[in-house]
Amino acid sequence: MPVDTPVTDDAPGLGPDSLIWKFYGDVRVQLFGFQRLASTENAIPALAQAVSDHSVIFGDFLGRATRTARPVLKTIYSAEPHTWGRTVRDFHTGIKGTLPDGARYHALNPELFYWAHATFLDQILYGTDTFVRRLTYDEKQRIFEEGKIWYRLYGVSARNQPETYDEFVQYWDSMLERFTATKVVRYGTGYIRKGIPAPGPIPRPLWRILSAPLNAYSRTMITGTLPPQLRRVCGLDWSQQQENTFQRNAAAIRAMDPAFGRLPLRARYAPWAAEGWERVGVEPRGTHRRDRRGSQ
């Protein structure tokens with residue numbers, strides 16, 4: 001498969017002066033954006049087939065998510081981003097197979113590999129703008145440009161990468177129209193349709209009572225993060241009332257940002273991101289601050 005010249009250790013990486021460092025490891029972006037990331041990524045047949053053929057997603061969904069998150073976050077926040085970038089790329093070397101229609105796939109196909117990267121970029125853009133603070137157009141452009149530096153660390157051909165943020169938006173919208181109800185994405189959203197399964201030998205009548213608020217939350221705050229095209233192909237009901245509730249709750253979470261910023265670092269960031277901030281000795285709450293009057 002087409003890969004670029006191997007990444008050398010003097011290739012630029014990202015640092016604490018980047019917006020991606022500021023926002024990607026934020027637990028709000030990670031937690032609220034997780035279902036959107038996993039679902040959009042696996043709504044494309046070739047990628048879903050690769051996951052189905054080569055992972056344990058159906059038996060260890062959360063375990064697979066953790067094993068994916070760590071090397072990706074390390075590519076951004078560790079002192080060895082080039083090593084972790086190569087690790088992520090090389091992990092995909094043997095991931096190949098055949099689709100039901102006979103077409104072949106390979107995880108290092110640039111179209112497929114960039115789509116996976118695009119879902120992580122979307123997680124940052126959407127998660128920050130929805131649950132942290134509104135991003136300006138210039139900030140969105142900057143995150144996209146920083147995403148090019150990030151992607152370069154993988155050493156995979158960038159021939160499918162859009163040149164500008166506006167082109168990225170067009171690319172993203174075009175990919176949404178290609179979404180299908182793959183087995184993986186249906187499985188990953190099953191708990192929204194059917195209810196959250198009991199975590200142990202809890203009697204069903206009791207669990208129906210205990211899980212009611214959790215199911216109400218997932219059907220509004222989790223479903224609300226998904227693009228309309230994805231809700232449609234997954235058969236997830238969505239009403240204007242749910243949309244209004246979702247937007248009110250998201251606005252309330254954004255309004256709590258000043259209080260959130262006073263929490264300890266490790267309460268605000270995923271572990272691997274917190275380790276990065278501690279290593280460089282920078283407190284992220286003081287970076288990239290913006291007058292709220294400039295918010296969109």
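This is a predicted model: local features need pLDDT of at least 70, side-chain atom pairs count only at pLDDT 80 or more; totals for chains, interfaces and linings use all residues.

**Stop one: the end of a helix**

Residues are numbered from 1 along each chain as its sequence is written, and side-chain values use heavy atoms, with hydrogens and water left out.

Now step back into helix α16 itself, residues 271-280. Trp272, Ala273, Ala274, Gly276 and Trp277 are buried there, meaning under 20% relative accessible area with a 1.4 Å probe, protein chains only.

**Stop two: the core**

Next, pick Ile20, Tyr24, Trp115, Trp150 and Phe168. These have the most contacts inside the largest nonpolar core, which has 65 residues. (Such a core is a set of buried Ala, Val, Leu, Ile, Met, Phe, Trp, Tyr and Cys residues joined through side-chain atoms within 4.5 Å.) Helix α6 supplies the largest share of this core, 10 residues. A separate core of seven residues includes Phe32, Met221, Phe246 and Ile253.

**Stop three: a histidine in α6**

Is His117 buried or exposed? Zoom in on this residue of helix α6: His117 counts as buried because its relative accessibility is 2%. Leaving aside residues up to four places away in sequence, His117 touches Gly147, Trp150, Tyr151 and Tyr154, where contact means heavy atoms within 4.5 Å.

**Stop four: two helix pairs**

Show α2 (residues 27-41) with α6 (residues 110-131): their axes come within 9 Å and cross at roughly 140°. (Axes are lines fitted to C-alpha atoms, for helices over the stretch in contact, and angles run from 0 to 180 degrees between N-to-C directions.) That makes α2 oblique to α6; under 35 degrees would be roughly parallel, over 145 roughly antiparallel, 65 to 115 roughly perpendicular, and the rest is oblique. Among the residues meeting here are Phe32 and Phe34 in α2, and Trp115 and Phe120 in α6.

Finally, colour α7 (residues 137-152) and α8 (residues 165-176), which pack at an angle of about 80° with axes 9 Å apart. The two are therefore roughly perpendicular to each other. Highlight Tyr137, Lys140, Gln141 and Phe144 of α7, plus Tyr165, Asp166 and Phe168 of α8, to see the contact.

How values were computed. Helices (H or I, at least four residues) and strands (E, at least two) are DSSP runs, numbered from the N terminus. Buried means under 20% relative accessible area, exposed over 50%, partly exposed in between (1.4 Å probe, protein chains only).
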